[in-house]
Amino acid sequence: LVLGLLLRRSATHLVPGKLQLFFETIVAQVEEQVGGDLRRRAPNVVPLAVCIFIFILTSNWISVIPSNHSPEFLPPPTSAIDLPLAMGLIVVIWAIGAGIKRRGLRNYLSHLKEPYLALLPINILEELIKPITLALRLFGNIFAGTVLVLLISKLPYVIIWAPDFIWKLFDMFIGAIQAFIFALLTVLYFSQAL
């Protein structure tokens with residue numbers, strides 16, 4: 001919210017600042033991934049994907065704040081299953097709702113019979129477990145990072161700085177990748193639904 005308010009205050013058409021360039025770069029990358037056809041059919045997909053990316057990235061990187069060698073000053077909120085699961089449910093329900101609104105209920109549900117009617121139970125199961133797999137992918141990777149930070153914190157005080165520093169860098173990389181994957185899968189779920 002603070003970044004958004006700061007950007008709103010300093011945004012300009014003339015010479016953009018560093019924060020505006022950062023947001024414009026992210027939005028341009030997401031728009032390139034989404035493509036023009038999906039943007040036209042669902043104009044809310046790009047803002048949703050960018051918002052999800054920045055939120056998850058911030059949530060994952062919050063654990064990098066120095067903690068004076070205790071495990072973590074603030075554990076990442078995505079290391080608890082409730083936040084990723086709620087986000088996964090919101091994304092999948094929103095995508096299904098957009099698909100039903102765009103195609104109608106009958107046409108939307110007809111994709112469950114494809115490619116064969118015999119696969120209907122499997123296709124229904126796939127729709128039901130999408131939010132769970134989306135959530136577990138994010139949760140599992142971030143939770144594993146918090147467990148490793150806890151293990152590193154048990155090392156002797158003299159050598160803890162090196163593994164802690166190296167792991168924090170790797171943890172930032174994993175956090176960025178997971179934010180990107182969640183946002184990309186959001187776009188893919190919308191494109192499948194539409």
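Tutor: Helices here are DSSP runs of H or I with at least four residues, strands are E runs of at least two, and both are numbered from the N terminus. This is a predicted model, so local features need pLDDT of at least 70 and side-chain atom pairs count only at pLDDT 80 or more, while totals for chains, interfaces and linings use all residues. Residues are numbered from 1 along each chain as its sequence is written, and side-chain values use heavy atoms, with hydrogens and water left out.

Let's pick α2, which runs over residues 18–34. Its 17 residues reach 24 Å from first C-alpha to last, close to the 24 Å expected at 1.5 Å a residue (the expected span is 1.5 Å times one less than the number of residues). Buried in α2 are Q20, F23, I26, V30 and V34. These residues share one side of α2, because they cover an arc of only 130° around the axis, taken from the directions from the helix axis to the C-beta atoms. Buried means under 20% relative accessible area, exposed over 50%, and partly exposed in between, using a 1.4 Å probe and protein chains only. On the face turned away from that buried side, α2 carries the exposed K18 and E32. Just after α2 comes G35, with a positive phi of about 90°.

Now over to α8, residues 161–193, where you'll find T186. T186 counts as buried because its relative accessibility is 0%. Skipping neighbours within four places in sequence, T186 is in contact (heavy atoms within 4.5 Å) with L48, I52 and V91.

Next stop, α7, residues 120–152. The structure holds 1 salt bridge, meaning a side-chain nitrogen of Lys or Arg within 4 Å of a carboxyl oxygen of Asp or Glu. It joins K130 and E127, at 3.3 Å from N to O. The two sit about one helical turn apart, because 3 residues separate them in α7. Both ends are buried: K130 has 10% relative accessibility and E127 has 15%.

α7 also gives the most to a nonpolar surface patch, with 6 residues. That patch covers about 840 Å², and its members include I81, L85, I93, L128 and L136. Patch residues have over 30% relative accessible area and no salt bridge; like charges are joined within 9 Å, nonpolar side chains (Val, Leu, Ile, Met, Phe, Trp, Tyr) within 5 Å. Besides α7, α5 (82–103) supplies at least two residues of the patch. I93 belongs to α5, and I93 counts as exposed because its relative accessible area is 55%.

Terms used
Accessible areas come from the Shrake-Rupley method with a 1.4 Å probe; for residues, only the protein chains shown count as cover.
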